[in-house]
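Here's a walk through one protein model, with an eye on its side-chain contacts and strand pairings. Keep the structure open while you read.

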Amino acid sequence: WDCGQNETNACNNLQNAIELCQEGGTIIVLGGTFTGYGNVHLNVSKSVTIKGDDDKVSIFQCDAERYGFGFNPSEKFVNRTFPVVTLANLLLDSCSISIYGNVSVTFSEVSFSKLPSELQANVVWINADHTTTFNDCVFSGNFVLDSVIKIVSSSVVMTSTLIFNNSAKFEAPISSTDYGASITITSSNITNNQSPYGVGGVSATSADVTISHSTFSHNNGTFGAIYLNNCTGTITNASISNNT
């Protein structure tokens, strides 16, 4: 290897580390702020865990005008095991995410923040063949045209996640307008979000939606906090209050 065997010989950017990492390996991102070539506009197409430093904050700062991370497996994965990718303990500043095709992605203790208005339709766009999972994540201070999380005929599981102080102009913080999506939200808090022309919390059409032990409060949208059209599923043990 040219780099990455230890902290003193760390790779100078994440793209280099991904290329060198063996399939199924783990990349530890040291504390600090990472931006520029090799740290943004990345495509991840192998099974890998990208984990932030346990003792210091690991920040990726994107330019907002283009995607920060893309998970889009190449054709070589069509007839073999699909990539399983985990991002953990990271802060993504002004970064948008694209997840497409034969891939499974898990976000654990990842913060998504400060994606500015009029530059991106979504913070996370998902059209994947396998489940995308959010555990203990935070979405805050994002201002997007469409949705904070856009789900296209895909499965999404969200647990203990906080979505607050976001603006999704035309859709909703969590939105699926295509047939066949599956959305499971458990022990999460969707609070103080705005959608001037849409829904303040969750909007879905012809999807399976299960919401439990979650809070929806002080969200503002033209069509309320939760809008489910021709959906299956249940809402249980949820607190829904002070939404307009």
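## Salt bridges, rings and strands

There are 2 salt bridges in this structure, which is a predicted model. Here they are side by side.

| Salt bridge | N to O distance |
|---|---|
| D54 and K51 | 2.5 Å |
| D146 and K150 | 3.6 Å |

How accessible are the residues of these pairs? Take D54 first: its relative accessible area is 61%, over the 50% cut-off, so D54 is exposed.

S203 lies in strand β22 and has a relative accessible area of 7%, so S203 is buried. Which residues does S203 touch, leaving aside its neighbours within four places in sequence? The contacts are A172, I174, S175, S176 and Y227.

Now for the rings. The count of aromatic pairs comes to 11. In one of them, F112 and F134 have ring centres 6.4 Å apart and planes at 70°, so this pair is edge-to-face. F112 belongs to strand β9 (residues 104-113) and F134 to strand β11 (residues 132-135), so the pair ties together parts of the chain that are 22 residues apart in sequence. Buried or exposed, these two? Both F112 and F134 are buried.

For another pair, look at F170 and Y197, which are stacked, at 5.5 Å centre to centre with 20° between the planes. This pair links distant parts of the chain, 27 residues apart: F170 is in the loop between β17 (167-168) and β18 (172-176), while Y197 is in the loop between β21 (194-195) and β22 (202-205). F170 has 43% relative accessibility, so F170 counts as partly exposed. Y197 has a relative accessible area of 54% and is exposed.

Back to F112 and F134 for a moment: they're also part of a cluster. Ring pairs link F71, F107, F112, F134 and F139 into that group.

Next, some strand pairing. Strand β2 (residues 32-34) and strand β5 (residues 58-61) run parallel, joined by 3 bridges. On its other pairing listed here, β5 meets strand β7 (residues 84-93), again in the parallel sense and over 3 bridges.

Last stop, the surface. Which residues make the nonpolar surface patch of about 240 Å²? The answer is L228, I235 and I240. I240 is found in strand β28 (residues 239-241). With 47% relative accessibility, I240 counts as partly exposed. A patch residue needs over 30% relative accessible area, so I240 at 47% clears that cut-off.

Notes
Residues numbered from 1 in each chain as written. Predicted model: local features only at pLDDT ≥ 70, side-chain atom pairs only at ≥ 80, totals over all residues. Heavy atoms only, no water. Patch = residues over 30% accessible without salt bridge, like charges linked within 9 Å, V, L, I, M, F, W, Y side chains within 5 Å. Areas by Shrake-Rupley, 256 points an atom, 1.4 Å probe, with all protein chains shown as cover. Salt bridge = Lys/Arg side-chain N within 4 Å of Asp/Glu carboxyl O. Helix = DSSP H or I, 4+ residues; strand = E, 2+ residues; numbered from the N terminus. Buried < 20%, exposed > 50% of the residue type's maximum accessible area, 1.4 Å probe, protein only. Phe/Tyr/Trp six-rings, centres within 6.5 Å; stacked < 30°, edge-to-face > 60°. Pairing = 2+ DSSP bridges. Contact = heavy atoms within 4.5 Å.
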